[in-house]
Amino acid sequence: MTQTSDNLRFEDLGLSQPVLQALDLKGYSTPTPIQAQAIPPVLKGRDLLGIAQTGTGKTAAFMLPSIDRLRDAENQTPFKSCRMLVLAPTRELAGQIAQSAKDYGAMAGLKVQSIVGGTSVNKDRNKLHRGTDILVATPGRLLDLIDQKAFGLSGVEILVLDEADQMLDLGFIHALRKISQLVPKERQTLFFSATMPKAIKDLVGQYCREPVQVSVTPESTTAERIEQYLFMVQQDEKQTLIEMILKGRHPIPGKLERVLVFTRTKHGADRVVKKLAQIGVPANAIHGNKSQPQRERALSEFKSAKTPVLVATDVAARGIDIPGVSHVINFELPNVPEQYVHRIGRTARAGADGIAIAFCAEDERAYLKDIRKTTDAEFERLDLPENFRAVVEGVGPTKREQKPRLARPKITPRGGQAQRGDESDRTDPRPKKKHPSRAGKPRRDGQGGGQSAGQGGQPAQRSGGGGGGRNRRRRSGGGAGRS
Ligand code: AMP
């Protein structure tokens, strides 16, 4: 975080007793920097431009003062409309915001609803018939209901745009323009975006009136709390590597608790999950082809650690709040460097430390270079396991000989219909390669092996000239070979 607010308490910010009680129940006493900066002006009714990404506490930064504003205004819940509208890019984020609104507003007696793509429109129509105080919506579904005259925006007193840059990336620009024409001119607007490209600035101009600007967590700061490691590994050998890691056959830093794996494509995510299932490592995938119930189940199984490996695409994972992610594994590097920061930001949330591991294939070196340049990321290079070649070529111990290192709950069956949702996803543009034998070929990473893979709790050997820099060694992972 950019600054600490250790001496400041929520009581100092002017919030009401019911909201303070709700915070007490959540166990939060100290505001995060964005909360400390945003809450006072929002309480005064000012428009806000918040430059912040998920993990900074921004949801509470807009929700807490808004709840108090709504309480103070004492307006009636409008018929077929809402008093506060929160727009979010993805179903998961919308769900989380709605949950936060319910938690924070528990003592305030406000009605909270959410509507997202991929669920029954009829149900949404029914539940919004009597109106609601707070509505959290993805733009597409909201416009559907407006077009059907099932809902209107004339009652909106507070409008929140969350992750506006992501909404633009997902093609919601027209929806946002249309919504801006439908909300009352007299309103308060709270606008959040992790980045500020020109298109976002234009949108801010369209939506906000003299907004107070608050900015936290320059992207590199998040990365500072995260230990970042790198394996150079061939694309078609990544699966073997992840299997060895998850089965505890290769010691990596930190204790594996909940592992979030990123692939670039939906198909790639499904492939990883399927292969992990084949060796007894339960994992779920979360991406744009999964139905809403499938996504929810994957998330809840991950949160409860029933299925502690979640394989996600960028869009699906954006904005998801998953506490306790111990490791983020970049199975494939993102081709947009900022996406790398979003990915690794899934670990190390709300002040915790985290570990990010990147698998970089030869043809991803350009992505790696971009990531290093754009984010100042410092990677500590890890060697492939000593017996990696043998395992890849099928002469090592069979995969089934090892117990999964992660708790092994039952593997969740998957299936179900693909659904169109409020998000897009890329398909894998690369041709499928046959697995070539690399017997006798020199190692690409130029190392002569020397990896002590899980022997007697030895740490993974690191190459790269003792980089280290930012990567302090803080954790000891039971049997994880962490020094
Ligand atoms: P957000 O950026 O809104 O997604 O929040 C990130 C995480 O931080 C969520 O799990 C919040 O519940 C949590 N959080 C928000 N505010 C605080 C706070 N003041 N103290 C501790 N955790 C918080």
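What percentage of the 483 residues of the chain count as buried? The share is 57%, where buried means under 20% relative accessible area, exposed over 50% and partly exposed in between (1.4 Å probe, protein chains only).

This is a predicted model, with residues numbered from 1 along each chain as its sequence is written.

**Figure 1. The whole chain and its confidence.** The chain has 17 helices and 15 strands. These are DSSP runs, numbered from the N terminus: helices are H or I with at least four residues, strands are E with at least two. Contact means heavy atoms within 4.5 Å. Among contacts between residues at least 6 apart in sequence, 79% join residues at least 24 apart. The mean pLDDT of the chain is 79; pLDDT is the predictor's confidence in each residue, from 0 to 100. A value of 70 or more is reached by 76% of the residues. Over residues 397-403, pLDDT stays under 50. The model has 14 contacts beyond four places in sequence for residues 397-403. Residues 407-483 also have pLDDT below 50. That stretch has 189 contacts in the model beyond near neighbours in sequence. Where pLDDT is low, the predicted coordinates should not be read in detail.

**Figure 2. Helix α11, residues 238-246.** How many of the 9 residues of α11 are buried? The count is 9 of the 9, so α11 is largely enclosed by the rest of the structure. The buried residues are Lys-238, Gln-239, Thr-240, Leu-241, Ile-242, Glu-243, Met-244, Ile-245 and Leu-246. Gly-248 follows α11 and has a positive phi, near 75°.

**Figure 3. Helix α11 against helix α12.** Helix α12 spans residues 266-278. The two axes come within 11 Å and cross at roughly 50°. Axes are lines fitted to C-alpha atoms, for helices over the stretch in contact, and angles run from 0 to 180 degrees between N-to-C directions. Angles under 35 degrees count as roughly parallel, over 145 as roughly antiparallel, 65 to 115 as roughly perpendicular and the rest as oblique. α11 and α12 are therefore oblique to each other. Their crossing is right-handed. A crossing is right-handed if the near helix is turned clockwise from the far one by less than a right angle, and left-handed if anticlockwise. From α11, the contact uses Gln-239, Ile-242, Glu-243 and Leu-246. From α12, Val-272, Lys-275 and Leu-276 take part. An α-helix has 3.6 residues a turn, so residues three or four places apart point the same way. By class, the contact of α11 with α12 has 4 nonpolar, 1 polar and 2 charged residues. Ala, Val, Leu, Ile, Met, Phe, Trp, Tyr, Cys and Pro count as nonpolar, Asp, Glu, Lys and Arg as charged, and the others, Gly among them, as polar.

**Figure 4. Helix α8 beside helix α9.** Helix α8 covers residues 173-182 and helix α9 residues 198-207. Their axes come within 10 Å and cross at roughly 15°. α8 and α9 are therefore roughly parallel to each other. The crossing is left-handed. Ile-173, Leu-176, Arg-177, Ile-179 and Ser-180 in α8 meet Leu-203, Gln-206 and Tyr-207 in α9. The residues of this contact divide into 5 nonpolar, 2 polar and 1 charged.

**Figure 5. Val-328 in strand β12.** Strand β12 holds residues 327-330, Val-328 among them. Is Val-328 buried or exposed? Val-328 is buried, because its relative accessible area is 0%. Not counting residues up to four places away in sequence, Val-328 touches Leu-260, Phe-262, Arg-343, Ile-344, Arg-346, Thr-347, Ile-355, Ala-356 and Ile-357. Val-328 and Ala-358 are 30 residues apart in sequence. Their C-alpha atoms are 8.3 Å apart in space.

**Figure 6. Thr-59 in helix α3.** Helix α3 runs over residues 58-73 and includes Thr-59. Thr-59 has 17% relative accessibility, so it counts as buried. Thr-59 touches Ile-97 and Ser-100, leaving aside residues up to four places away in sequence.

**Figure 7. Two loop residues with positive phi.** Glu-210 lies in the loop between α9 and β7 (212-215). Phi of Glu-210 is near 40°, a positive value in a residue other than glycine. Glu-210 is exposed, with a relative accessible area of 67%. Ala-305 sits in the loop between α13 (292-303) and β11 (309-312). Ala-305 has a positive phi of about 65°, although it is not a glycine. At 30% relative accessibility, Ala-305 counts as partly exposed.

Terms used. Predicted model: local features only at pLDDT ≥ 70, side-chain atom pairs only at ≥ 80, totals over all residues. Heavy atoms only, no water.
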